[in-house]
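Welcome! Have a look at the protein shown here, and then let us walk through it together, one part at a time.

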Amino acid sequence: MEWFAWFLHKYVMHGPLWILHEDHHTPRPHRKWQLNDFFAFFFAVPSFLFILFDHLYSMPLLGAVGYGIMAYGAAYFFVHEVLIHRRLKFMTGVNHWYFEALNRAHKIHHSRKTKEGTENFGMLWVPMNYFRASLKKFNRAGLNIKNQDRTLKLKKTR
Ligand SMILES: [Zn+2]
Ligand SMILES: [Zn+2]
């Protein structure tokens with residue numbers, strides 16, 4: 001699904017269907033919905049139909065694909081809409097190197113407002129250098145906390 005979503009984003013949304021995706025790159029803050037939100041149907045409709053066909057004609061493979069698309073849709077909602085774009089204000093305390101890397105890579109993707117010339121089309125998987133940079137930052141922060149603890153303890157024992 002991640003590969004399929006990457007492909008769709010790179011070659012369809014930044015291709016023939018740029019008309020629908022454009023307002024996600026140039027958001028109008030006073031508007032709650034974007035034309036880009038229509039892409040939810042691109043996933044929801046086949047997912048629903050596959051699950052329905054499985055129930056009616058017992059086609060477990062098709063059903064599995066349907067549930068897979070549904071699970072990816074849920075991940076997309078929490079990661080892309082909530083954690084990255086903060087369109088809904090919850091899960092605000094999430095602080096993890098994995099999400100930090102996804103967020104940075106996606107913000108770089110958004111730094112271009114045009115159809116061409118941008119990078120990082122993935123959502124749950126981004127180029128390794130983002131993960132490396134994020135891990136480094138979190139490790140450094142972790143060390144700083146440990147050092148602070150040590151100095152605090154030193155102060156107390158004095
Ligand atoms: Zn895009
Ligand atoms: Zn986005």
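This is a predicted model: local features need pLDDT of at least 70, side-chain atom pairs count only at pLDDT 80 or more; totals for chains, interfaces and linings use all residues.

The largest nonpolar core has nine residues: Ala 5, Val 79, Leu 83, Ala 101, Leu 102, Ala 105, Met 123, Val 126 and Tyr 130. Two or more residues of this core come from helix 4 and from helix 5. Helix 5 is the element that gives the most, with three residues. As a general background, nonpolar side chains in soluble globular proteins tend to be buried together.

Tyr 130 belongs to this core. Setting aside residues up to four places away in sequence, Tyr 130 touches Ala 101, Arg 104 and Ala 105.

## The overall plan

Now step back and view the whole chain. How many helices and strands does the protein have? There are six helices and zero strands. Reading from the N terminus, the order of elements is α-α-α-α-α-α.

The protein has 158 residues, and 12% of them are buried. Among contacts with a separation of 6 or more, 41% are between residues 24 or more positions apart.

## Where helix 4 meets helix 5

The axes of helix 4 and helix 5 (residues 97-110) come within 11 Å, crossing at roughly 75°. Because an angle of 65 to 115 degrees counts as roughly perpendicular, helix 4 is roughly perpendicular to helix 5.

Which residues make the contact? On the side of helix 4 you can find Val 79, Leu 83 and Ile 84, while helix 5 brings Phe 99, Leu 102, Asn 103 and His 106. Sorted by class, this contact of helix 4 with helix 5 has five nonpolar residues, two polar ones and no charged ones.

## A stop at His 80

Next, find His 80 in helix 4 (residues 60-84). Is His 80 buried, exposed or partly exposed? His 80 counts as partly exposed, because it has 18 C-beta neighbours inside 10 Å, and the partly exposed class lies between 12 or fewer for exposed and 20 or more for buried.

Apart from its neighbours within four places in sequence, His 80 is in contact with His 85 and Met 123.

## Helix 3 and the residue after it

Helix 3 (residues 39-57) lets you check a length for yourself. At 1.5 Å a residue, its 19 residues should span 27 Å, and its end C-alpha atoms are 28 Å apart, which agrees.

Helix 3 is followed by Ser 58, which sits in the loop between helix 3 and helix 4. Ser 58 counts as exposed because it has 9 C-beta neighbours inside 10 Å.

Most residues other than glycine have a negative phi. Ser 58 is a residue other than glycine with a positive phi, near 45°. Asn 120 also has a positive value without being glycine, with phi near 60°.

Where does Asn 120 lie? You will find Asn 120 in the loop between helix 5 and helix 6 (128-157). Asn 120 is buried, since 20 other C-beta atoms lie within 10 Å, whereas Ser 58 is exposed.

Technical notes. Residues are numbered from 1 along each chain as its sequence is written. Chains are lettered from A and ligands numbered from 1 in the order in which they are written. Helices (H or I, at least four residues) and strands (E, at least two) are DSSP runs, numbered from the N terminus. Two residues are in contact if their C-beta atoms, placed from the backbone, lie within 7 Å. Axes are lines fitted to C-alpha atoms, for helices over the stretch in contact, and angles run from 0 to 180 degrees between N-to-C directions. Angles under 35 degrees count as roughly parallel, over 145 as roughly antiparallel, 65 to 115 as roughly perpendicular and the rest as oblique. Ala, Val, Leu, Ile, Met, Phe, Trp, Tyr, Cys and Pro count as nonpolar, Asp, Glu, Lys and Arg as charged, and the others, Gly among them, as polar. A nonpolar core is a set of buried Ala, Val, Leu, Ile, Met, Phe, Trp, Tyr and Cys residues joined through C-beta atoms within 7 Å. The expected span of a helix is 1.5 Å times one less than its number of residues.
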